[in-house]
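Thanks for asking me to look this over. Here are a few friendly notes to read alongside the model.

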Amino acid sequence: MRPTIALAALALAAPAWAADKVKPAPPPPPYAGVYQPRGVDEIGWWREDDESERTLANSPKVIRDEALTGYVKSVLCAAVGADRCKATRVYIMREPSFNATMSPNGTMRVYSGLLLRVQSEAELAFVLGHEFGHFESRHTLQRFKQARSSTDLLAWAQVLASMNSYAATNFNSLQLSVYGGFYRFNRENEREADLVGLGYMNASTLRPQAASRVWRSRIAEAEASASMRGLKKPRFDRIAYFASHPPEAERATYLAALANPDGDGRDEGGDRYALATAKWMPIFLDDQVKLNDFGASEYIIGALAERGWTATLWHARGELFRMRGAQRDLVNAADFYSKAVALDPSHAEAQRGLGLSLIKTGRTGEGRAALESYLALQPAASDAAMITMTIAATGGK
């Protein structure tokens, strides 16, 4: 049987001491073979998705790395099973937001911002399993039909309102109710996909408790972002009327309660994940830093550093502080770049950042030396002329 929303409600209603009495999310039903679209609506959706995928295949946003794409698909297969994932085509998008989507025809888009934030195969497997849960439950088609029935109802109600003053008085209330029902329907789809994804995890060889940590991390990142911006601390335990997803705190709670306790000792695949994504982490971090969200970026860098500081992480932190640009930030940035260079003297971008930061804080001799090291490592750098002028302006040759 597919997990139901009743299970989530049970997990939320149960006090912490009774969480062990909640049954884990059940595994998915036996694989029934490759799914084929049914009915005019779904066939139409598939045709549109096929055309969209043809455009996607030529998009410059797609990361064309067969090793990385193959690895991400292998994590999906580890979660949902080899038979289920055969018909899935995975595309990794260079897009620094936390997201993944799956279309009705089996096209899965995985955003680089997701790969930056998750830290293990288990965390990634849950998110991909969640998206596959939408696919297997046909949520896209359900949402299309729900939206169509809602707009049809409002269209007829508007006609009646134009003909009757009493109906016109009540039209706004009906409109609010219909839209609220539509978003509530979307939230129920999200909860169901959560539980389908967790069911996959419970039946896999990966640790299902990682699913709850995904949402706890999202909460911590949002809090760090709001705090640095001077905004009020977000509420993660309330449902906005027009919210399309359940609150993060709710999701973290029921996913923790419905994870199979027997799976708590399973492998998460953290080391394998770090190795498979290492080549792209500098690029993903650079894209994140350029979003100009200091609190979120600082949180992400710190979370990644829990496994140990690397030259890549020190460099990213240096970039983050240097881009903010206050005098104290430049002093900190120089320190962070120095740590990166100490770990890896051949890290050209760290030498560049170190040189620029030192010069701006008055340490021109040391800064010039760092920039000279940068050019020695990257003589054909795109900014070589500018760096050469900077060296000359500070007394160098």
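How many salt bridges does a search of the whole structure find? The search turns up 28 salt bridges. Please keep in mind that this is a predicted model.

1. Let's begin with the disulfide. A search of the whole structure finds one, formed by Cys-77 and Cys-85, with their sulfur atoms 1.8 Å apart. The torsion about the S-S bond is about 85 degrees, so this disulfide is right-handed. Cys-77 is partly exposed, at 22% relative accessible area, whereas Cys-85 is buried, at 2%.

2. Next, a salt bridge joins Lys-86 and Asp-83, with 3.7 Å between the closest N and O atoms. Lys-86 is exposed, with a relative accessible area of 62%, while Asp-83 is partly exposed at 42%.

3. Strand β1 covers residues 89-93, and four of its five residues are buried, so the strand is largely enclosed by the rest of the structure. Five bridges join β1 to strand β3 (residues 107-111), and the two run parallel. Within this pairing, Tyr-91 stands opposite Arg-109 in β3.

4. Asp-271 and Arg-307 also form a salt bridge, their closest N and O atoms being 2.3 Å apart. This pair links distant parts of the chain, 36 residues apart: Asp-271 belongs to helix α11, and Arg-307 to the loop between α13 and α14. Asp-271 is exposed, at 63% relative accessible area; Arg-307 is partly exposed, at 45%.

5. Finally, have a look at the network of salt bridges that links Glu-123, Arg-207, Arg-213, Asp-264 and Glu-268. Another salt bridge to view is the one between Asp-267 and Arg-272, at 2.8 Å from N to O.

Notes
Residues are numbered from 1 along each chain as its sequence is written. This is a predicted model: local features need pLDDT of at least 70, side-chain atom pairs count only at pLDDT 80 or more; totals for chains, interfaces and linings use all residues. Side-chain values use heavy atoms; hydrogens and water are left out. Buried means under 20% relative accessible area, exposed over 50%, partly exposed in between (1.4 Å probe, protein chains only). Two strands pair if DSSP finds at least two bridges between them. A disulfide is a pair of cysteine sulfur atoms within 2.5 Å. A salt bridge is a side-chain nitrogen of Lys or Arg within 4 Å of a carboxyl oxygen of Asp or Glu.
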